[in-house]
Amino acid sequence: MEEKKITRKKFVITSLLGTLGLVAGELIRQSHSIDNIENEVDTENKKYGMVIDLDRCIGCNACTIACKQENNTPPNIHYNVVIEKEEGEFPNVYNSFLPRVCMQCDKPPCVKVCPVGATKKQKNGIVSIDYETCIGCRYCMTACPYGARSFDFGENYYDQPNTFEASPYQEYDKIYQRGKGKAPQNSVRKCHFCSHRVDKGELPACVTACLGKARFFGDLNDPNSEVSIKAKGSWTLKSNLGTKPRTFYLGEKRDD
Amino acid sequence: MIQSNKLWWGVFSLLAIATFFFMYFRINQGLTFTNLNNIVGWGLWVTFYVYFLGISVGLFLFYGVCNIFNIAKFRNLALIALYSSFITLIVGLFFIFIDIGHLGRFWTVFINRNVSSVLSWELHLYVIYMVTVALLLVFENLGIEKKYSNTESIISTWCNENKEKVIKYLTYLGIPLAIAVHGGTGALFAVIKARVFWNSAIFPVIFLISALLSGIAAIIFLLGCFHNVNLKTQYIKKLSNIFIIVIVLDVFVVMTQLFVHYYSDINESIAVIHLLFYGEYAKSFWIGQIGIGIILTLILFAIYRMNTKGRFWILWLSSISCLIGIWFIRMNFITPTLSVPLIEGLSENIYGIESTNYVPSLMEWIYSLFIIISGFIVYLFGVSHIPILKNIIHQKTKKGDFDEETA
């Protein structure tokens with residue numbers, strides 16, 4: 001049998017290609033794995049979710065105010081919005097309200113598109129943003145089907161932030177204080193189910209403040225929790241997009 | 001062309017000072033002076049990024065095709081295209097650079113990778129593509145001027161000996177890269193399922209065909225700018241044939257996109273089309289995209305072809321109007337889609353206004369103009385200093401001198 005001759009050139013090229021392949025493989029492996037955004041039923045951890053009963057919502061916006069106070073959000077950034085709509089025809093006219101928070105999707109389109117992996121799906125079900133990593137490209141904002149993300153342009157309600165605006169506040173597990181160029185300015189922000197409160201065993205600010213007791217929050221992994229029971233028979237916004245939201249709605253289904 | 005190095009030092013010092021002030025203002029003010037908001041998050045700068053990247057890709061593909069098929073009659077034009085492709089690429093990079101919130105973290109995209117992000121891939125490919133174009137530019141210049149080839153190191157000898165081979169393989173690498181980079185830009189938008197108008201498979205194709213069109217239009221434009229590149233009228237006619245074919249192709253894909261979305265009756269799609277046809281973006285659509293981009297381009301083209309003398313400047317004007325039209329295509333396909341609220345009433349709730357139509361602010365225009373002017377100055381510097389381009393400029397060609405060489 002004729003032996004195949006390995007020339008020096010061939011050897012060098014093969015080893016170069018092999019090294020390149022190894023480096024490429026390692027780079028991909030070290031990159032943010034997309035596994036953690038898959039919808040795995042993780043029974044060991046709590047997986048938080050929210051149910052909003054639209055029949056109980058009176059559109060008072062107490063949730064919006066509580067949220068703004070808790071998260072010290074600047075102008076035009078609302079983690080929680082109550083979308084008000086006039087419906088029906090005269091004389092049978094009524095207002096309908098649709099509170100919109102972050103859906104904390106199990107298949108979040110925002111996590112998929114982030115070029116630096118700054119936004120992640122946490123094991124407790126919450127989609128988080130790392131303000132220290134975010135580059136502010138706003139790709140996630142265009143990708144979110146619910147418009148739940150906002151960019152912090154660095155504006156304040158007052159030219160010189162007043163005492164409240166300048167006071168420290170907590171998001172995720174860090175404490176922030178409003179100041180020019182300081183995080184989370186120039187980053188994208190969104191509702192995080194008041195993760196800092198949840199970690200302490202408290203409810204999100206909007207749930208506590210809700211006058212009509214329209215909001216329920218808790219562990220969806222526990223079948224006996226109030227939120228799990230309420231979630232039965234609920235619907236989600238834009239379910240056709242396959243984002244698998246963890247914020248559910250009760251009451252008459254609205255057009256998306 | 002200006003040769004005095006002192007003058008260039010002066011110009012670049014002024015440019016550096018201006019850049020310092022512009023960057024200081026941008027870093028200090030963030031994006032507050034733009035008209036971007038939480039509904040329309042991408043605007044003029046992203047449009048310019050896509051636009052310049054498109055021109056770069058188009059020009060590079062022209063160079064690549066001329067190089068691979070060894071089309072000698074377009075050789076000089078191809079070299080100009082390669083250089084222009086590099087500069088437009090840099091200009092595009094600056095546009096995306098000033099658009100991001102944290103300028104200082106720009107480089108982190110190369111250490112914090114996300115394999116599922118199209119943008120992550122896009123930026124990596126962008127850099128590889130830029131390096132490829134830069135290397136090609138370096139290799140094309142090897143051995144042209146004696147002072148560069150005096151050094152007798154092993155590397156320079158190897159490079160000089162294998163110049164043709166390296167250029168060939170780099171071009172082989174560059175062509176799929178160019179397609180991937182610009183197809184990737186289209187995919188960047190197309191993968192967003194939240195925006196129905198973008199979420200179609202033809203979107204990346206539109207980007208690629210628009211890139212081809214902007215490339216060929218830019219070639220004709222450059223041909224008019226570099227008087228020394230004399231092409232026989234028959235070759236200009238050939239170029240114009242390619243130009244018209246790509247225009248038709250571009251109009252076809254753009255119309256397909258509009259027709260399919262109009263026909264679909266999906267609320268969001270119809271909303272975008274209404275904004276374009278008779279909404280806030282109607283002027284930009286009818287005057288910019290259709291009026292200048294298609295009708296004016298075609299009229300000028302028809303005049304050029306019907307005129308027996310085939311005056312080149314008419315074709316040149318046609319290419320300029322086409323380049324303007326392509327800019328409008330980019331603009332009209334990006335911002336109107338973002339203007340459509342994702343949930344009815346969301347925009348009213350946040351901003352108290354029914355619709356959030358985006359009009360770039362004066363500062364956005366000033367920044368854009370500054371980047372373009374800076375790019376132009378760097379371009380002129382290169383033209384007067386890069387050996388191959390200097391050769392093209394200073395060659396005293398009789399009309400159609402190198403036309404004798406056949407492909």
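# Exercises on a predicted two-chain model

In chain A, 64% of the contacts with a separation of 6 or more are between residues 24 or more positions apart, a contact being two residues whose C-beta atoms, placed from the backbone, lie within 7 Å. The model is predicted, so local features need pLDDT of at least 70 and side-chain atom pairs count only at pLDDT 80 or more, while totals for chains, interfaces and linings use all residues. Residues are numbered from 1 along each chain as its sequence is written, and chains are lettered from A and ligands numbered from 1 in the order in which they are written.

**Exercise 1.** Determine how the spread of chain A stands against the globule rule.

*Solution.* Begin with the secondary structure of chain A, which comes to seven helices and eleven strands, these being DSSP runs numbered from the N terminus (helices H or I, at least four residues; strands E, at least two). The radius of gyration of chain A is 23 Å, well over the 18 Å that the rule gives for 256 residues, so the chain is more spread out than a compact globule; the radius is taken over C-alpha atoms, and the rule is 2.2 Å times the number of residues to the power 0.38. Along the principal axes, the C-alpha atoms of chain A fill a box of roughly 95 × 50 × 40 Å.

**Exercise 2.** Describe how strands β2 and β3 of chain A are paired and joined.

*Solution.* Strand β2 (residues 81-89) and strand β3 (residues 92-100) of chain A pair in the antiparallel sense over nine bridges, where pairing requires that DSSP find at least two bridges between the strands. A:V82 stands opposite A:P99 in β3(A), and a hairpin of two residues joins β2(A) to β3(A).

**Exercise 3.** Compare the span of helix α7 of chain B with its expected value.

*Solution.* Helix α7 (residues 202-225) of chain B has 24 residues and reaches 34 Å from its first C-alpha to its last, close to the 34 Å expected, the expectation being 1.5 Å times one less than the number of residues. As for cover, 19 of the 24 residues of α7(B) are buried.

How values were computed:
Buried ≥ 20, exposed ≤ 12 C-beta atoms within 10 Å, placed from the backbone.
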